[in-house]
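Please look over the sequence and the model below before reading the notes that come after them.

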Amino acid sequence: TKLLYTKSIVQFRNEEYRCKHELVEPGNGRDPDYAQAYYRKGIVIKKQENSSIDDFLAMIDKDSEVRNKINNSDVVSRAKESAAKELIFRGSKETESKNYARAIELLNIRH
């Protein structure tokens with residue numbers, strides 16, 4: 001699990017986002033409590049063009065859930081901060097595009 005996770009980081013740094021889901025897929029017979037994999041998968045999703053904010057937030061939530069379960073809550077606040085920044089960024093982009101309803105929706109998501 002850790003080796004695949006490290007490989008995904010190298011590919012991520014090389015901006016190879018397409019097939020990273022397999023490398024960071026948590027719980028696929030490896031270690032479902034490896035929280036970093038959920039966070040990394042969320043980051044990969046976020047970087048993909050036309051990515052779903054819901055999919056990104058789902059991975060951040062799962063990361064937080066696992067970290068709380070294994071008493072690693074010190075990192076949870078950083079993951080939630082990352083999610084909040086992404087929501088603000090996307091809300092700002094929607095405002096620039098005059099998609100005010102979507103902007104309000106994104107900025108009102110409590111994360």
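This is a predicted model: local features need pLDDT of at least 70, side-chain atom pairs count only at pLDDT 80 or more; totals for chains, interfaces and linings use all residues.

**The chain as a whole**
- Of the 111 residues in the protein chain, 37% count as buried.
- The protein chain exposes about 7000 Å², and carbon and sulfur atoms supply 48% of that area.
- Among contacts between residues at least 6 apart in sequence, 52% join residues that are at least 24 apart.

**The largest nonpolar core**
- The largest nonpolar core has 14 residues, and those with the most contacts inside it are Ile53, Phe56, Leu57, Ile60, Ala83 and Leu87.
- Helices H3, H4 and H5 each supply at least two residues of this core, while the largest share, 6 residues, comes from H4.

**Helix H4**
- Helix H4, which covers residues 53-69, has 17 residues and reaches 24 Å from its first C-alpha to its last, close to the 24 Å expected at 1.5 Å a residue.
- The N-terminal end of H4 is capped by Ser52, whose side chain places an oxygen 3.2 Å from the backbone nitrogen of Asp54.
- The buried residues of H4 are Ile53, Phe56, Leu57, Met59, Ile60, Asp63, Ser64, Val66 and Arg67, and they pack against helix H3 (35-47), helix H5 (76-96) and helix H6 (100-108).
- Just after H4, Asn71 takes a positive phi of about 55°.

**Helix H5**
- Helix H5 has 21 residues and reaches 30 Å from its first C-alpha to its last, which is close to the 30 Å expected at 1.5 Å a residue.
- Which residues of H5 are buried? They are Val76, Ala79, Ser82, Ala83, Glu86, Leu87, Arg90 and Gly91.
- The buried residues of H5 pack against H3, H4 and H6.
- Just after H5, Lys98 takes a positive phi of about 65°.

Notes. Residues are numbered from 1 along each chain as its sequence is written. Side-chain values use heavy atoms; hydrogens and water are left out. Helices (H or I, at least four residues) and strands (E, at least two) are DSSP runs, numbered from the N terminus. The expected span of a helix is 1.5 Å times one less than its number of residues. Buried means under 20% relative accessible area, exposed over 50%, partly exposed in between (1.4 Å probe, protein chains only). Contact means heavy atoms within 4.5 Å. A polar contact is a pair of N or O atoms within 3.5 Å; within protein, one must be able to donate a hydrogen and the other to accept it, and residues adjacent in sequence count only if both atoms are side-chain atoms. Accessible areas come from the Shrake-Rupley method with a 1.4 Å probe; for residues, only the protein chains shown count as cover. A nonpolar core is a set of buried Ala, Val, Leu, Ile, Met, Phe, Trp, Tyr and Cys residues joined through side-chain atoms within 4.5 Å.
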